[in-house]
Amino acid sequence: MEQQLQGLKAEALEKIAAAANVKQLNEVRVAYLGKKGPITDLLKGMGKLPAEERPKMGALVNVVREEVTTELESRMAILEEQATREKLQKETIDITLPGRPVNVGNAHPLTRVVEEIEDLFLSMGYEIAEGPEVEKDYYNFEALNLPKGHPARDMQDSFYITDDVLLRTHTSPVQARTMIEKKGQPFKIICPGKVYRRDSDDATHSHQFTQIEGLVVGEDIRMSDLKGTLSLFAKKMFGDDREIRLRPSFFPFTEPSVEMDISCFKCGGEGCNVCKKTGWIEILGAGMVHPNVLEMAGYDSKRLTGFAFGMGPERIAMLKYGVEDIRHFYTNDTRFLQQFLRTEL
Ligand SMILES: [Zn+2]
């Protein structure tokens, strides 16, 4: 019987060693240590032994069972670890795969142009003034020397809400409001904002667009101050070697009125497609504030004078970035907007 037991043990250990995975090893466990296994059978058969041999045999069976169990457990630990490792290997994340792109927002090109202009004028001591986009006819026209029936009103077809209320056609009403607010005191402001005009949208026209106007009122403000300010602006926005030229023009709220051109930043004045072969690019309108406008806002036009200028950030952005259609600014096509991600102004 003892021989039989040693034989079983050797057989069991051999099968344990040969088990290739957890499943096979469990089969070995059931086969040798289970209730119907040969070791259990041996224990059951002990009753047939002489009484004095029973304790010795019982102890022997227990030792063998103990040994087989220990061996089985240690093999089980190895196989389980192996299984875990294989599973992990199969599930490994491939860190060389490119990640999903994260969309990063950036400032709209018009916002960048407006902010750059604001920074320049803030550095010269100007304040930023804002006003309503739904405006009274009085501030939009009358206070700016454009009474009802004035022929210059035809220049700006407007969106009227009532007879007296409209979407502002320029940012000039902010100037009128500021002059009234300042009660005869000198000041320097720029007014950026959206404006609206009835226009057929095309590559260069939009029914909504952006303006920035500037207004300086004070003692002894002259045309030369205006010219110096605009020259500085042109160099800051379009390069240090920009020249400016002023041409006579007409605006109801300024006298005299001028248009400002800058020397072409692309060809340097020789003539190209950007400057339409003239060497000059029209940038903005300006002038000395009309005495009527000052008087209407309660200023003594004999004592204080001022200058004003107005420009379109769209036009500046189109020139700076070579944008050919104004509608690109408003359609929110990210393919257009993303081109300005790394553009340094
Ligand atoms: Zn040119």
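Predicted model: local features only at pLDDT ≥ 70, side-chain atom pairs only at ≥ 80, totals over all residues.
A residue counts as buried when its relative accessible area is under 20%.

View 1. With a relative accessibility of 18%, C267 falls under the 20% cut-off and so counts as buried. C264 is buried as well, and its relative accessible area is 0%. How many disulfides does a search of the whole structure find? The search returns 0. As a reminder, a disulfide is a covalent bond between the sulfur atoms of two cysteines.

View 2. K9 belongs to helix α1 (residues 2–18) and E67 to helix α4 (residues 54–90), so the pair ties together parts that are 58 residues apart in sequence. E67 is partly exposed, at 34% relative accessibility. For context, a search of the whole structure finds 17 salt bridges.

**View 3. R303 meets E219.** The side chains of R303 and E219 form a salt bridge with an N to O distance of 3.4 Å. This pair links distant parts of the chain, 84 residues apart: R303 sits in the loop between α9 (291–296) and β9 (304–311), while E219 sits in strand β5 (residues 208–219). R303 has a relative accessible area of 46% and is partly exposed, whereas E219 is exposed at 56%.

**View 4. Sequence neighbours D241 and R242.** A salt bridge joins the side chains of D241 and R242, at 3.2 Å from N to O.

**View 5. A salt-bridge network.** Take a look at D137, E142, K148 and D164, which are linked in a network of salt bridges.

**View 6. Two surface patches.** D157, D199, D201 and D202 form a negative surface patch. One of them, D157, lies in the loop between α6 (137–140) and β3 (165–167), and D157 is partly exposed with a relative accessible area of 42%. A nonpolar surface patch is made by Y138, I180 and M296, which together have about 240 Å² of accessible area. Y138 is placed in helix α6 and is partly exposed, with a relative accessible area of 34%.

**View 7. Backbone geometry worth a look.** Most residues other than glycine have a negative phi, and most peptide bonds are trans.

- Which residues does a cis peptide bond join? The bond lies between E255 and P256, with omega at about -5°, and P256 is found in strand β7 (residues 254–263).
- N145 is not a glycine, yet its phi is positive, at about 70°. N145 is located in the loop between α6 and β3 and is buried, with a relative accessible area of 15%.
- K276, also a residue other than glycine, has a positive phi near 50°. Its place is the loop between β7 and β8 (280–289), and K276 is exposed with a relative accessible area of 69%.

Key
Residues numbered from 1 in each chain as written. Heavy atoms only, no water. Patch = residues over 30% accessible without salt bridge, like charges linked within 9 Å, V, L, I, M, F, W, Y side chains within 5 Å. Areas by Shrake-Rupley, 256 points an atom, 1.4 Å probe, with all protein chains shown as cover. Salt bridge = Lys/Arg side-chain N within 4 Å of Asp/Glu carboxyl O. Lys, Arg positive; Asp, Glu negative; His and termini not counted. Charge placed at Lys NZ, Arg CZ, Asp CG, Glu CD. Helix = DSSP H or I, 4+ residues; strand = E, 2+ residues; numbered from the N terminus. Buried < 20%, exposed > 50% of the residue type's maximum accessible area, 1.4 Å probe, protein only. Disulfide = S-S within 2.5 Å.
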